[in-house]
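Trainee: I am new to this structure. Please show me how to read its features.

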Amino acid sequence: MNRNMEYEQLIEELNAMPTPVGGVERAMRRERRNRYLLRPLTSLAAVFALFVLLVNCSTTVAHACARVPGLRELAAAVTFSRSLSDAVANEYVQPMNLSETNGDITVKVEYLIVDQRNVTVFYRMESKRYPQLEATPEFCAADGNEFSSCSWGANDWYVPNGELRSVRLGFLYDDVPSAVRMKLKLRDATSMEDAPAPADSIWDDEPTEDDFAYLAEFEFLLEFDPYYTAQGKHFETDERMTLGGQLLHVTNVDVYPTYMSFSVLGDETNTAWLKSLSYYLVTDAGERFEPVANGIVATGNPDTPEMMTFHADSTFFYRAKSVTLYVTKAEWLDKDAGTIHVDLKNARADAMPEGAELISCKREGSRWVVTVLQGRTDAQVFMPEYYDADGNEYFCHSWTSGATRLDGTDTEAPEGYSYDSFPLNNYPYDEVWLTPRYTSRWSSEAPVAVTVPLA
C-alpha cells in the first residue's frame with residue numbers, strides 16, 4: 001500500500017466515525033481590472049481543453065484517475081503546469097481533510113502537492129448565498145511569524161463556487177517548513193462586477209480588492225508529511241557556455257517534483273549582466289522540458305542586476321540520467337549602463353535598448369503615458385523606477401502589452417512585435433530618466449548546448 005492509499009483509508013475511517021446578470025459589461029470590467037494580474041496565467045478554457053487531451057492521450061494520467069477517487073478533478077485543475085500534472089499522474093499528492101464554515105460560506109482544503117521548495121494547495125469554496133466567491137491568500141509560519149523569502153499567488157481566477165481551485169507558495173532560498181498557516185480572505189465577486197465602470201483611460205484609478213469589504217476570513221494550519229518535504233535532488237557541476245562573447249558557468253541543477261532549476265554565474269571578465277534566457281531542456285531519453293509557464297520564472301542576485309537561477313518543468317518523475325540545456329536567446333545589461341534620458345514633449349530618447357523603439361509620449365492630465373515598440377517578450381523594456389532631473393526617484397506600478405497601440409491611433413504592431421505602454425503618474429516634467437531592464441540581445445539559430453549529469 002503506497003502513502004496516498006494509506007491517507008485515503010485513514011480519511012475514510014475518520015469520516016465514518018460519529019462526531020449572475022450583465023455578462024458582457026461585467027466581463028469587460030473584470031478584464032480591465034485584471035489586465036496585469038492575468039498576464040502569467042493560463043485561461044480556464046485552455047485548462048479544460050488541455051485536460052481532455054491529457055486524459056485521453058496519456059495512459060498514465062487516465063490510469064491514475066481511474067484508481068484514485070477525486071484524482072480526475074485534481075488532474076483537470078493542474079493542467080497549467082506540466083510538473084503538477086506529472087505529480088498527479090504519479091499519485092504524488094498529500095490528501096487533506098480540512099473544512100471550516102463561517103456563516104453562509106464553507107471552505108474545504110482537500111489536497112497538497114509539496115516538495116522541498118514549493119507548496120500547492122487545492123481547495124474549494126461553497127455558498128448558497130453568494131453566487132461567486134473570490135479569495136485573497138496569505139501565508140505565514142506556523143507560529144504566525146512572516147517568512148523571510150517566499151512568494152505566493154493564485155493559479156486561477158473566477159473559478160465557479162464548488163470547483164477545485166489552487167494557490168501556490170514558493171520558497172526562494174529556504175526549504176519548506178514542516179507546517180504553514182494559510183489565510184483566505186473572501187469577497188463577493190459579483191459586487192466587484194457591479195462596481196461603476198472605469199473611466200476612458202485604462203490608467204485611471206479602477207476598483208481594487210481594497211475597495212470591497214471582505215465577507216469572511218478563514219485560516220488553516222497545513223502540516224506536511226516529511227516524506228514530501230524531503231523530496232528533491234541537488235547536482236553540482238561546472239559546465240561553461242559562451243553567448244555573444246559573454247561567458248557563463250552552469251554551477252548546479254536542482255530537481256524537485258514540482259519544478260527544476262539551474263543556476264548560472266556570469267564570469268568576472270564579462271562586460272554585461274545576464275538578464276534573461278530563452279531555453280529548453282532535453283533528457284538523455286529525448287524528453288523535452290520548457291521553462292515554467294506559471295509561477296516564478298527566474299530569480300536574481302540580490303547584490304547585482306544579474307539573473308542567476310532559472311526554473312523549468314521537472315524531470316523528477318522521468319528518472320533522467322542527464323539533461324542538456326539548449327539556449328537560443330539571451331538579454332544582457334551592460335555593467336556600465338546608466339539611465340536613459342527621454343524628452344517627453346518631443347518623444348525623443350538619447351538611446352534605447354536593442355530591438356526597442358520609442359513610439360510616443362502622451363500627456364494625460366497629471367501623467368505621461370509612454371509607448372514603446374519591442375520584439376515580443378514576457379518582460380518590459382524598462383524597470384519600474386525612473387528619475388527627474390534632480391535625481392528624485394519615482395515608480396511605475398503598471399504596464400500593458402499588446403499588438404495594438406493604446407494612444408488612440410489603433411495602429412497594429414508588425415509581426416513579431418508588441419506595443420508596451422506604461423504611465424508616469426503625477427509626473428509634471430517634460431523630461432525623464434528611465435532605467436533599462438536590458439541593453440543588448442543575443443540570439444542564434446543553432447542553440448548553444450551544455451549537458452549536466454543527474455547522478
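Mentor: Start with terms. Strands (E, at least two residues) are DSSP runs, numbered from the N terminus. Two strands pair if DSSP finds at least two bridges between them. This is a predicted model: local features need pLDDT of at least 70, side-chain atom pairs count only at pLDDT 80 or more, and totals for chains, interfaces and linings use all residues. Residues are numbered from 1 along each chain as its sequence is written, and side-chain values use heavy atoms, with hydrogens and water left out.

Trainee: In what order do the 5 strands of the open sheet lie?

Mentor: The order is S9-S10-S11-S15-S14, with antiparallel pairing. Strands S9 (233-243) and S14 (298-300) are the edges, and each pairs on one side only.

Trainee: How many bridges join S14 to strand S15?

Mentor: 3 bridges join S14 to S15 (residues 307-312). Alanine 298 has phenylalanine 310 in S15 as its bridge partner.

Trainee: How do I read aromatic pairs?

Mentor: Rings of Phe, Tyr and Trp (its six-membered ring) pair if their centres lie within 6.5 Å; planes under 30 degrees apart count as stacked, over 60 as edge-to-face and the rest as tilted. This structure holds 18 aromatic pairs. One of them joins phenylalanine 139 and tryptophan 152, edge-to-face, at 5.7 Å centre to centre and 65 degrees between the planes.

Trainee: Is phenylalanine 139 buried or exposed?

Mentor: Buried means under 20% relative accessible area, exposed over 50%, partly exposed in between (1.4 Å probe, protein chains only). Phenylalanine 139 has 6%, so it is buried. Tryptophan 152 has 35%, so it is partly exposed.

Technical notes. Helices (H or I, at least four residues) and strands (E, at least two) are DSSP runs, numbered from the N terminus.
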